[in-house]
Amino acid sequence: MPRHLLLLHGLARTRHSLWPVARSAAARGYRVASVGYPSRKAPIEELAAFVTARVAERVPDGEAFDVVTHSMGGIVLRTAVARGMIPADRVRRVVMLAPPSRGSELADVLRERWVYRRVLGPAGQQLGTGTDSVPLALPPIPFPCGVIAGRRTFVPMAQRVFGGPTDGRVSVARARAEGMADFMVVNRAHPFLMWSPEVLGAIFGFLESGRFPRGDG
C-alpha cells in the first residue's frame, strides 16, 4: 500500500522548492502532498493551523503519513503537533532539513531591520534565540525524526554571526532538536540541501528504516 508523504517548505519559499524530494518520492511509490502555505503573512501558530487544514484535505482521516520539511517547515509541523492540531501518532517518520530547532542567530541580528520585517513577516520575528522564540518553547519531538544540517555557506562573515559551522541560515548546533532519533551534517548550503543526492539518499533511508544510512557498511 502506498505511503503518504507530506512536504513542508521553509520561510519565503514555495511548495515547488522541495521538487527534488517530490520527484524522488513519487518514483519510490509514495503519494506526495507538497503543501504550500503563506509563510510570510502570518505567525507560526496560524501557519500550523493552515497546514493542518491542508493535511485534512490531502490525507484520509486517521491514516499515518511521513513528512519531509525544510527550515521553518519543521517548526510549523512541531507547532501543529504540540498544540494538538495534528495527533503525534499519525506522524510516522519525519526528516527535517536545516530546521532552526533552537532558533537562529541570524534572526536575532536582522529582526529589527525594516526590510527583514517587511519581507519575512511575523514568522520571521519568531525564529530567534531569545525569550520570545517559538522553537525554543516547543517540547521535545514526539515522533521518529532525523535532522540533516548543512555546514556550507556563501554568507560573508557567517562565522561572526553563528560562531561555528553553519549553512548560512541555521548553525549546525542549533539545528539539533531534543528528541530527534538521528542527526547528520552535509557539506551543503541552506537553500540547496534538497538538491543533494547524498541528502536524498539519507531522507529515504530514514523514512524506510528510522536511521540515516552510514557509509561504514
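These are my notes from looking through a predicted model.

**The sheet**

I started with the strands. They form an open sheet of 6, in the order β2-β1-β3-β4-β5-β6, with parallel pairing. What stands at the edges? β2 and β6 do, and each has a single partner strand, so one side of each is left without a neighbour in the sheet. I also looked up the twist, which averages 15° from one strand to the next.

Then I checked what lies across the sheet. Helix α2 (residues 44-58) lies across β1 (4-8), β2 and β3 (65-70), and it runs at about 155° to β2.

**Strand β5**

Strand β4 (residues 91-97) pairs with β5 (residues 145-150) in the parallel sense, over 4 bridges. I noted two of the partners: Val95 goes with Gly146 of β5, and Leu97 goes with Ile148 of β5. β5 also pairs with β6, again in the parallel sense, over 5 bridges. There I found Ala149 opposite Val185 of β6.

How many residues of β5 are buried? The count is 6 of the 6, so β5 is largely enclosed by the rest of the structure. In a regular strand, side chains alternate between the two faces of the sheet.

Next came the nonpolar residues. In soluble globular proteins, nonpolar side chains tend to be buried together. The largest nonpolar core in this model has 41 residues, and Met72, Leu77 and Phe143 touch the most other members. Which helix gives the most to this core? That is α3 (residues 72-82), with 6 residues.

I followed up on Leu77. Leaving aside neighbours within four places in sequence, Leu77 is in contact with Leu8, Val67, Thr69, Ile86, Val94, Met96 and Phe143.

There is a second, separate core of 24 residues, and its members include Leu5, Met184, Met194 and Phe204.

I counted 3 aromatic pairs. One of them is Trp19 with Trp195, a tilted pair at 5.9 Å centre to centre and 45° between the planes. This pair links distant parts of the chain: Trp19 is in helix α1 and Trp195 is in the loop between β6 (182-186) and α9 (197-209), 176 residues apart. Are these two buried or exposed? Trp19 counts as partly exposed because its relative accessibility is 42%, and Trp195 counts as partly exposed because its value is 48%.

Another pair is Tyr30 with Phe204, also tilted, at 5.8 Å centre to centre and 50° between the planes. Tyr30 is in the loop between α1 and β2 (31-35) and Phe204 is in helix α9, 174 residues apart. Both Tyr30 and Phe204 are buried.

I kept coming back to Phe204. The charged end of Arg28 sits over the ring of Phe204, 4.1 Å from its centre. Ser24, in helix α1 (residues 19-27), touches Leu200 and Phe204, not counting residues up to four places away in sequence. Ser24 counts as buried because its relative accessible area is 13%, and the cut-off is under 20%.

Notes: Residues are numbered from 1 along each chain as its sequence is written. This is a predicted model: local features need pLDDT of at least 70, side-chain atom pairs count only at pLDDT 80 or more; totals for chains, interfaces and linings use all residues. Side-chain values use heavy atoms; hydrogens and water are left out. A nonpolar core is a set of buried Ala, Val, Leu, Ile, Met, Phe, Trp, Tyr and Cys residues joined through side-chain atoms within 4.5 Å. Buried means under 20% relative accessible area, exposed over 50%, partly exposed in between (1.4 Å probe, protein chains only). Contact means heavy atoms within 4.5 Å. Rings of Phe, Tyr and Trp (its six-membered ring) pair if their centres lie within 6.5 Å; planes under 30 degrees apart count as stacked, over 60 as edge-to-face and the rest as tilted. A charge sits over a ring if NZ of Lys or CZ of Arg is within 6 Å of the ring centre and within 35 degrees of the ring normal. Two strands pair if DSSP finds at least two bridges between them. Axes are lines fitted to C-alpha atoms, for helices over the stretch in contact, and angles run from 0 to 180 degrees between N-to-C directions.
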